[in-house]
Amino acid sequence: MKKSVFLGALTVAGIIAGGASAATLDEVKARGKLNCGVTTGVPGFAEPDASGVWQGFDVAVCRAVAAAVLGDGNAVEFVPTTGKTRFTALASGEIDLLARNTTWTFSRDVDLKFEFIGVNYYDGQGFMVPKELGVASAKDLDGATVCIQTGTTTELNLADFFRANSISYEPVPIETGAEAVQQYIAGACDVYTTDASALAAQRANFEDPSAHVLLPEIISKEPLGPLVRHGDNEWADISRWTLNALIAAEELGVTSVNLEELSAGTENPEINRLLGTEGELGSMLGLDAGWAKAALGVAGNYGEIFEQNIGAATPIGLARGLNAQWTDGGLIYSPPFR
Amino acid sequence: MTTLADPHKESFRLSMLLNDTRYRSLTFQFIALVAIIATMAFIGGNLVRNLAEAGLNISYDFLGAQAGYDINQRPISYDSQDTHGRAAMVGLLNTLIVAFLGCITATIIGVVAGVLRLSPNWLVRKIMAFYVEIFRNVPVLIWILIIFSIMINAAPAPNAFRGDEPTASMWLFDSIAVTNRGVYLPKPIWGSGSLLVVGVFIASIIGIFLFRRYARKQLFDHGRLIPTFWPSLALLFIPVILAQLVLGTPISLEYPALKGFNFRGGITILGSLIALWFALSIYTGAFIAENVRAGILAVSKGQTEAAAALGLRPGRIMNLVVLPQALRVIIPPLISQYLNITKNSSLAIAVGYMDLTGTLGGITLLQTGRAIESVLLLMLFYLIISLSISFIMNIYNNTMKLQER
């Protein structure tokens, strides 16, 4: 009851505050800081490092937006959110941008009144099991006990998958990923299911990662992307095109190494428009001409951010796969900067 | 009195609302009431306006929509195809189950600990004081998490029961399996003729009551003390066992067995339920122990001494003289402890027990995004449960009250 009253109060307060904010850009500028919602800690995606500085793939999106708007990639206040609190935090205006492995779904977009600004990681729900169980396919999991993070799309996908294959399971709903891992390691559940990227990330932190396998089945489409509130299109545009700038830069070959050199002016008009030496794209967004350059200056383009945080060379070790540029057979694609 | 003339009846003037002490408090109460209503109306109006602005509306249609998620403990039949409304009912029943079990065990623990805290034995007294202080002064959520994590790490996983040389084994002739996922018990299977066995069982319970009444009558009328304990026990078991044997074991047991990933068959008590139940009981038990101690201390020492002078043994003094009188002091605070158990059970999600907060206030809320509706409904449910408990306990309190004639 205590908790529910608190939640209720939070919701009411959230809605009261939500109605009041309209021009997020002005607010962020006045505040001098971007409030960005991230996870409570998923290695590679968003986690504070040893010196307490947030690092990760989702964090990079926050920093890029902060750099585009405020000119400083460190002008970000990171707000850790759980699967449960993230939407309330965004709806209430506590955060300006939510970059937290959030699946773009119809009802979240339409019914919950959010605006997904794009996809920064194409994911799918997978299963992890201890190798010693000798399970080769998710269809062999009849009767297994499955740990799931509650309040996410995963528990709906899970119910659908097991029903479609007419096999049974025992769900163990858990609040955070860390607790789920604890139970999984203790053997309180046979299987741990969540987005395949998060499984890989969490397995990297295990004592013996090789004792656990990811099953081949990917049972859902999980396009993960950052999102903002409905109703402030200018702010949504800024966030969307900052993400697109990171993606387009990789396609156009703009990297953190050659950024300075290219921003002096090039033969390629699209690079010039992107970096603000040609055209008026920045002022159309209500930003400086060098907005995209600032965003790229933080950690480089999409590909660099990927490799640095979750790529093959990191402990997470994810291949680009679907997240390669469309020119390389992936799904990552930015509309033209024109 | 009658000789005095009635005082002159003053006519009411408006200024009397402030100046006359008879009316002043009414005036201020009225002003406060208006202020409260206005504040509520403002908050409500603000909520409705902002909801409308955000294009949201208050609607309970989602309760009829398909839930789409599974629940691990289902007192009534439920699958992911059922509605959010039914999922909420499953959650409600799970809340009631853990609250009911918690109230019973907390009372037992509390009464035992409370009585022992006043024991003349130094060690027992100190141990109980230690228990009360430790459990009362650490938040219940921490206890739930500690107990749960001890359980999942200390108890063996089902896998440990497997193989030719398992590291764990079942208890009581392979009938009970204790794992870190829960406890698996044998389940009775009701074959034909089992109704007769149940009938015999009920008859023997009635028999025990009649026998005890007879024994008491003998004691009061003729002063003959007939032993009741062993005959009662015999009455309880022997007829049932005979009926079971004569009818060819109509009630058989289904034993849990390791099949696939988990134990199957039998009755499963989830680990999360055990952890939550145990944590709530032992935490609230510490509070109840203090209530019991206070109740016992409230009974005057003369009562104990008088009973001792009559030659009663300490156990009987406690049961027959002190506790019945102490109950009058114990019950009112006990009611609020029962309410605390019910409300604290909403921490269930910490161990993944799907209670009302986990289903309606958790997954349903998040999947439908209907936060206000869900939370309002949640509050209503908890309010109804709590008021019902108070109502029932108040009736009990009234029957225990000192009857003044």
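Domain bounds here come from an automatic or database domain assignment. On that basis, chain A of this predicted model splits into domain 1 (23-119 + 224-326) and domain 2 (123-220). The C-alpha centres of these two domains of chain A sit 29 Å apart. Where they touch, domain 1 of chain A puts in 18 residues and domain 2 of chain A puts in 18 residues. On the domain 1 side of that contact in chain A, the tally is 8 nonpolar, 9 polar and 1 charged.

Next up is a sheet in chain A. It is open, has 5 strands in the order E10-E9-E11-E8-E12, and its pairing is mixed. Strand E10 (169-174) and strand E12 (212-214) of chain A are the edges, each pairing on one side only. On average, and ignoring direction, neighbouring strands of the sheet are turned by 30 degrees against each other. In general, strands of a sheet pair through backbone hydrogen bonds, either parallel or antiparallel. In the case of E10(A) and strand E9 (residues 144-149) of chain A, the two run parallel and are joined by 6 bridges. Within this pair, Thr145(A) stands opposite Glu170(A) in E10(A).

Two helices pack on this sheet. Helix H6 (residues 154-164) of chain A touches strand E8 (125-130), E9, E10 and strand E11 (191-195) of chain A, and its direction makes about 155 degrees with that of E9(A). Helix H8 (residues 196-203) of chain A, for its part, touches E8, E11 and E12 of chain A, at about 120 degrees to the direction of E11(A).

Some of these elements turn up again where the chains meet. The contact between chain A and chain B takes 40 residues from chain A and 44 residues from chain B. On the chain A side, the elements giving two or more residues are helix H1 (2-20), helix H4 (86-91), E9, H6, E10 and helix H7 (177-186). H1(A) gives the most, with 12 residues. By class, the chain A side divides into 17 nonpolar, 12 polar and 11 charged residues.

Looking at Ile144(B) and leaving aside its neighbours within four places in sequence, its contacts are Ala275(B), Leu276(B), Ala279(B), Leu347(B), Ala350(B) and Val351(B).

How values were computed: Residues numbered from 1 in each chain as written. Chains lettered and ligands numbered in written order. Predicted model: local features only at pLDDT ≥ 70, side-chain atom pairs only at ≥ 80, totals over all residues. Pairing = 2+ DSSP bridges. Helix = DSSP H or I, 4+ residues; strand = E, 2+ residues; numbered from the N terminus. Axes fitted to C-alpha atoms, helices over the stretch in contact; angles between N-to-C directions. Contact = placed C-beta atoms within 7 Å. Nonpolar A, V, L, I, M, F, W, Y, C, P; charged D, E, K, R; others polar.
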